[in-house]
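Hi everyone, thanks for making time this morning.

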Amino acid sequence: MSWPTMRLSEVADFRLGKMLDQRKNKGDLLPYLANKNVRWGEFDLSEMREMRFEERELETFSLKNGDIVMCEGGVPGRCAIWRDQLPKMMYQKALHRIRPFETMNEVYLYYNLSYRAKSGHFEGLFTGSTIKHLPKEKLALVEVDVPDLPTQERIAAILSAYDDLIENNRRRIALLEQAARLLYREWFVHFRFPGHETAKFVDGLPEGWDKRPLIDLTTKLGSGATPRGGAGAYQEVGLTLIRSLNVYDYSFHDDGLVFLNEDQAKKLANVTVEKHDVLLNITGASVARCCMVPDRHLPARVNQHVMIVRTDLDESSPFFILHSINAQQNKEKLLSIARAGGATREALTKDVVGNFEILCPPNELITLFGDQVEQMHEQAETLSALNAQLTRVRDLLLPRLMDGRIPV
C-alpha cells in the first residue's frame with residue numbers, strides 16, 4: 001500500500017529563525033537553538049547561547065510544543081521535535097521551524113521527514129558545494145506521505161514506543177554520569193574522600209597528594225588522520241573511525257559515525273583505539289571535549305582531531321583520568337591554553353596535553369574511585385548498547401511503516 005503524497009508547504013507552516021547580528025539586535029536576551037543544538041531526534045542543551053529579541057519578535061521566533069526543528073545547513077534535514085524542554089526558547093536562522101497543520105500529526109510528520117532526510121531524499125534539493133544547505137524554497141518542495149489522520153497516529157504510536165524506551169534509558173545514563181561526576185567532585189575537589197576526617201593538609205592539599213603531568217600517567221598520547229579522499233573514502237560498513245563530532249564531555253554520540261575498509265584501517269594501525277581509552281578533542285570549536293570510548297565500537301581508529309589518552313594502569317585509572325580532564329577547573333585551563341596566542345583555530349598539541357598536570361591522590365584512593373565509577377560506566381554502556389539495538393529496530397520499521405508495507 002502507498003499513501004498519497006503532498007508537498008510540505010501544503011501540510012505545514014515553516015520559517016527560518018532570526019539572524020544573529022549583535023550590532024542590530026535589540027530587546028531582551030533569550031536563549032536560542034543553533035544548528036549544533038539539534039541532533040537526530042533530540043536536542044543537546046548543554047551549551048546554550050543568548051540573543052536579543054524584541055517584544056514584536058517573540059511570537060515569530062519562539063518555539064511551541066510540537067514544533068519540528070530542522071537544520072538548514074551543516075547536516076541539512078537533521079531534526080527533532082521540541083517538547084518545551086526549556087522555557088521561552090527561540091531559534092536562529094540556521095534552523096527551520098516546521099509547524100504542522102491540523103491535518104498532520106506532528107510526531108508522524110517528524111518521522112516522515114527524518115526518514116526522508118536520512119535516506120537521501122533531500123539531497124537533490126541541497127545547495128552549496130562544501131557546506132550543504134536546504135533553503136526554505138527548496139524545503140517547500142519536499143514531498144511527504146499523507147495517510148488519513150488515524151493512520152498517522154497509529155504509525156506515530158508504534159515508532160514513539162521505541163523512542164520512549166530510548167529516552168528513558170538516556171535519562172538513566174545521565175543519572176549514572178551525574179553520580180560519577182558528583183563522586184569525583186566530593187572526593188577530589190571538596191576533599192571529602194574516605195578517611196578525610198583524619199587526613200593532614202599541607203598547603204591546602206591532603207598530605208601525600210601531588211600534581212603529575214599526564215605523560216607520567218599514560219602509555220599513549222596520539223591522534224590519527226583522515227583517509228586520503230576525505231569523506232568520499234568513508235565506507236557504509238567496516239571499522240569505526242571516530243571523529244570530533246562523536247566526542248562530547250563524558251558521552252559518546254553515534255551520530256555521524258563513519259567506517260573504514262581494511263586497507264584504510266591498516267594505514268591507521270598506530271592509532272588503534274582500545275578498551276577504556278579516553279578520547280580528547282584537540283582542535284576546533286569542540287576542543288577539550290572528552291569521553292571514554294564505548295566498547296560497542298571497538299576496534300576503532302581516530303582522525304587527526306581526536307587524541308587517544310591511554311592510561312598506564314600501574315600509575316592511575318582511566319576513569320580517574322577521564323574525570324580529571326573533565327573537571328571544571330582543568331577544563332577551563334585546557335580551553336584557555338587552546339585559545340591562547342590569538343590563533344584562528346583552537347588547538348591542543350601532544351606536548352601540551354602530555355605536560356598538563358592533574359591532582360593525584362595516593363593510588364589506593366584512585367583505585368577505589370576507579371572501581372566504583374567502572375560499575376556505573378558498565379551500567380551506562382549496557383543501556384547505550386540497548387539503545388543502539390532499539391534504534392536499529394526502529395529504523396528498520398520506519399520505512400516499512402511509511403510506505404505501507406506493514407499494515408497498521
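Let's start with two helices: α5 and α7 (residues 318-326) pack at an angle of about 80°, and their axes are 11 Å apart. Axes here are lines fitted to C-alpha atoms, for helices over the stretch in contact, and angles run from 0 to 180 degrees between N-to-C directions. The two helices α5 and α7 are therefore roughly perpendicular to each other; the classes are under 35 degrees for roughly parallel, over 145 for roughly antiparallel, 65 to 115 for roughly perpendicular, and oblique for the rest. On the α5 side, Ala-180, Arg-181, Tyr-184 and Phe-188 meet Phe-320, His-323 and Ser-324 of α7, where contact means heavy atoms within 4.5 Å. The element names come from DSSP runs, numbered from the N terminus: helices are H or I with at least four residues, and strands are E with at least two.

A word on the model before we go on: it is predicted, so local features need pLDDT of at least 70 and side-chain atom pairs count only at pLDDT 80 or more, while totals for chains, interfaces and linings use all residues. Residues are numbered from 1 along each chain as its sequence is written, and side-chain values use heavy atoms, with hydrogens and water left out.

Now, how many salt bridges does a search of the whole structure find? There are 23, counting a side-chain nitrogen of Lys or Arg within 4 Å of a carboxyl oxygen of Asp or Glu. One of them joins Asp-163 and Arg-394, with the closest N and O atoms 2.5 Å apart. Asp-163 sits in helix α5 (residues 149-188) and Arg-394 in helix α10 (residues 363-402), so this pair ties together parts that are 231 residues apart in sequence. Asp-163 is buried at 18% relative accessible area, and Arg-394 is buried at 10%. The cut-offs are under 20% for buried, over 50% for exposed and in between for partly exposed, with a 1.4 Å probe and protein chains only.

Arg-170 is partly exposed at 27%, and Glu-167 is partly exposed at 30%.

Another pair is Arg-310 and Asp-277, whose closest N and O atoms are 2.8 Å apart. Arg-310 is in strand β22 (residues 306-311) and Asp-277 in the loop between β18 (272-273) and β19 (278-281), 33 residues apart. Buried or exposed, these two? Both are buried.

On to a sheet: three strands make an open, mixed one in the order β6-β3-β9. β6 and β9 (90-91) are at the edges with a single partner strand each, so one side of each has no neighbour in the sheet. Strand β3 (residues 28-33) runs antiparallel to β6, joined by five bridges; strands pair if DSSP finds at least two bridges between them. Asp-28 stands opposite Phe-53 in β6.

Last stop, Glu-57, in the loop between β6 (49-53) and α2 (58-61). Glu-57 counts as buried at 10% relative accessibility. Leaving aside neighbours within four places in sequence, Glu-57 contacts Lys-18, Lys-26, Arg-52 and Met-90. A polar atom of the Glu-57 side chain also lies 2.8 Å from the backbone nitrogen of Glu-54.

Methods
A polar contact is a pair of N or O atoms within 3.5 Å; within protein, one must be able to donate a hydrogen and the other to accept it, and residues adjacent in sequence count only if both atoms are side-chain atoms.
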